[in-house]
Amino acid sequence: MALPLPDAEWPSKNKPYQIGVRARSFVPSFTKTNDTSSMTNDQIQQKPGVEVLSKMDDEALITIFQGGDHDVYRFLVERHQERIRNLLFSIFHDRNYVDDLAQEVFIKAYQALPRFRFEASFYTWLYRIAVNKSRDELRKRKIRRFFSFQTLDEGIEKELNTRLSVQPEDRDTQELVALGLQSLPKKFRIAVVLKDIDGLSYEEIAEVMQCELGTVKSRISRARSMLRKALKPLLEEV
Amino acid sequence: MKKINEKQMDQLLSQYIDGRLTENELQKVESLLSQDMSAQRRLKELKQLKDLLISKTKLTPDIGFWTRFSDVLEQPKKDENNFLPFKRKFVPVMSAAAAVVAVVVVILVFQNRIQLLNYFTEKSQVVKEVYEKNRLQGQLLPLFSKVDKDRALQFSLFGTLPFDDNSKAELRVDEQSKKGYRIEVGKDLKNKTKPITFDHFLAEVKPTSKQKQLIDSLLELTSRRIESSVLIGENDVVAIAPDFPNINKMMVTNIAACLEPNQRIQLERLLEANDAPYTISVQSGSVISDDHIFQSIPQSPRDNRFVIITPDTMMYSQLYIDFDSLRKQMEENFIAFKLRREEMLKRMMGKEFQRMQRNVPYSQPVQSFGNEELFNVEINVPAEEIDQQQMHVLIQPRIRKRIIKTTTPNHSIEMRVLSDTTSKDLSR
């Protein structure tokens, strides 16, 4: 298939555009503007190739998305899916569940992206969606536990203590850390995960969690304090 | 230096390892760490904890994530199909509210269950009453003008009552046992009895003028009784007083009581020739020639009781109808407005009809079966036995030439209504 030549305003002049079959193959068919057949020749020629798109920053991709080309959402998803999946994995510690939740987060972002106003960075915005989704999910789980008369938190603490009581060489550190996180209340858990695992700054966490900076400091401190007590045998060993 | 509590210490140390302390706070923490061994231990543990968290296992990049995600994006979202009148986030609240309301309703219903049950029973009874009243009102008509002297005589002697002028449809009463009756209503040309007129009767029996006058009065009274015992309506609705067959029985004995023995023989011949349901004992009983004889005519219908029979149902009921008033109004209006008799009767019956009581305490019909053209109903009614002492002349059921096939149990009435005969013929 003959591909159109690159336009001068795009930097990768030496490489042919990759729009067309390859570029469109991943595009969801229901999106309104994914079909280039409705585009004018000028629009087709102005559309950058995959190589170019993959090197663009988030804001540029969002601008293109908001301009009607929803194809570029793939680049945003592929760029951030690992962080979002890890965030959800740290919060829920359930590998099988992470994919479903991550998909829901990206669907939500896809629906909200046309209204994105560039007031925050895309990834903190995406984190906020993920955190809100996590809060909803944790709340639902709490309700389910209430109606099933289970006390899951007590179960986690019991499990943690059981695992900590074995010989140090038999301990699975990663599992213990995960259980320790699971034993924390959700607001402390999310705060410490964002800080220590995802490496967000206090300001970013305040933005993601939509709370004051002082609250973030307090939550992180409380979370660490609680974790320190919960994992004390492990820390003494280290 | 002012002593700080554990919580404050943890917060300071936490921010210390993150490098978030101000100059003053930093000095404070360093001073604390140089003096306090526990603070040093805490700091060490916090650092270890942070290292553990940083080194926590990460998920490897999922290269198939987009492929799966794009499939999900193409599917219509279930969340968009929210049929609820409120947002999905309110579902738990609304569910809880609905549950509370349901519990309250259940408690209220339980507390007032007797009143509610009574209320609904009463209402359903009222609805039934209204329905049945509307259905029957103005439809069931007495046999005014259709029961003349000839027909009264016909019924008195032979238990048959023609409904229409051509005598195609008739009602037939036939005693099959001491306690049971058969009543046929309908058109039956094969078994149709030959009509006997009053003149024919006079010619055969040859009564004296006094006897004739007495029998004439008896037949007049019989007409009234028949009129108030049988109501016929459209759609094959028939209402008959349960003790109606007794009129036939008592009239045979009363007419015989008016006659001399030799006249009774003539009467018996007439009865036999026409296959009457009863045979008279010629020699029994004295001749009665006074008004005393009228006292033995049964008051019909007793307690306003009727058996209402439709092709679908059969029920006992008390129907209050002021026949005397109705008859009077009929005569007046007929002269005044010259309306068609049937129309006028319908109008007046709509006003006069009053259902007194539903469910007269008789046992319910035991059997009901039939087809489009003919249906039979077997019902049990209380014994309306006539005291043998009341019979001036003894009579007994005749062994008849024309035996009507029957499976009627003792003490029952069988109604056979041939559809499309009674009402249509009547309304002509």
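The structure is a predicted model, in which local features need pLDDT of at least 70 and side-chain atom pairs count only at pLDDT 80 or more, while totals for chains, interfaces and linings use all residues. Residues are numbered from 1 along each chain as its sequence is written, and chains are lettered from A, with ligands numbered from 1, in the order in which they are written.

**Where the chains meet**

- The contact between the chains takes 36 residues from chain A and 27 residues from chain B, where two residues are in contact if their C-beta atoms, placed from the backbone, lie within 7 Å.
- On the side of chain A that touches chain B, the elements giving two or more residues are α5 (73-92), α6 (95-112), α9 (173-182), α10 (186-197) and α12 (213-230); helices (H or I, at least four residues) and strands (E, at least two) are DSSP runs, numbered from the N terminus.
- The largest share of that side, 9 residues, comes from α5(A).
- By class, the side of chain A that touches chain B has 18 nonpolar, 10 polar and 8 charged residues, with Ala, Val, Leu, Ile, Met, Phe, Trp, Tyr, Cys and Pro counted as nonpolar, Asp, Glu, Lys and Arg as charged, and the others, Gly among them, as polar.

**A helix pair across the two chains**

- The axes of α5(A) and of helix α4 (residues 65-74) of chain B come within 10 Å and cross at roughly 130°; axes are lines fitted to C-alpha atoms, for helices over the stretch in contact, and angles run from 0 to 180 degrees between N-to-C directions.
- α5(A) and α4(B) are therefore oblique to each other, since angles under 35 degrees count as roughly parallel, over 145 as roughly antiparallel, 65 to 115 as roughly perpendicular and the rest as oblique.
- In this pair A:Arg74, A:Val77, A:Glu78 and A:Gln81 of α5(A) meet B:Phe65, B:Trp66 and B:Phe69 of α4(B), and by class their contact has 4 nonpolar, 1 polar and 2 charged residues.

**A helix pair inside chain A**

- The axes of α10(A) and of helix α11 (residues 202-209) of chain A come within 10 Å and cross at roughly 140°, and these two helices are therefore oblique to each other.
- Here A:Ile190, A:Ala191, A:Leu194 and A:Lys195 in α10(A) meet A:Ile205, A:Val208 and A:Met209 in α11(A), a contact that by class has 6 nonpolar, no polar and 1 charged residues.

**Nonpolar cores**

- The largest nonpolar core has 64 residues, and those with the most contacts inside it are A:Leu88, A:Ala130, A:Ala191 and A:Val193; such a core is a set of buried Ala, Val, Leu, Ile, Met, Phe, Trp, Tyr and Cys residues joined through C-beta atoms within 7 Å.
- The largest share of this core, 10 residues, comes from α5(A).
- A second, separate core of 46 residues includes B:Ala152, B:Leu161, B:Ile226 and B:Val393.

**Two loop residues**

- A:Phe118 has a positive phi of about 60° although it is not a glycine, and A:Phe118 lies in the loop between α6 and α7 (122-147) of chain A.
- With 12 C-beta neighbours inside 10 Å, A:Phe118 counts as exposed, because a residue is buried if 20 or more other C-beta atoms lie within 10 Å of its own, exposed if 12 or fewer, and partly exposed in between, with C-beta atoms placed from the backbone.
- B:Lys206, in the loop between α8 (198-205) and α9 (209-227) of chain B, is partly exposed, with 14 other C-beta atoms within 10 Å.
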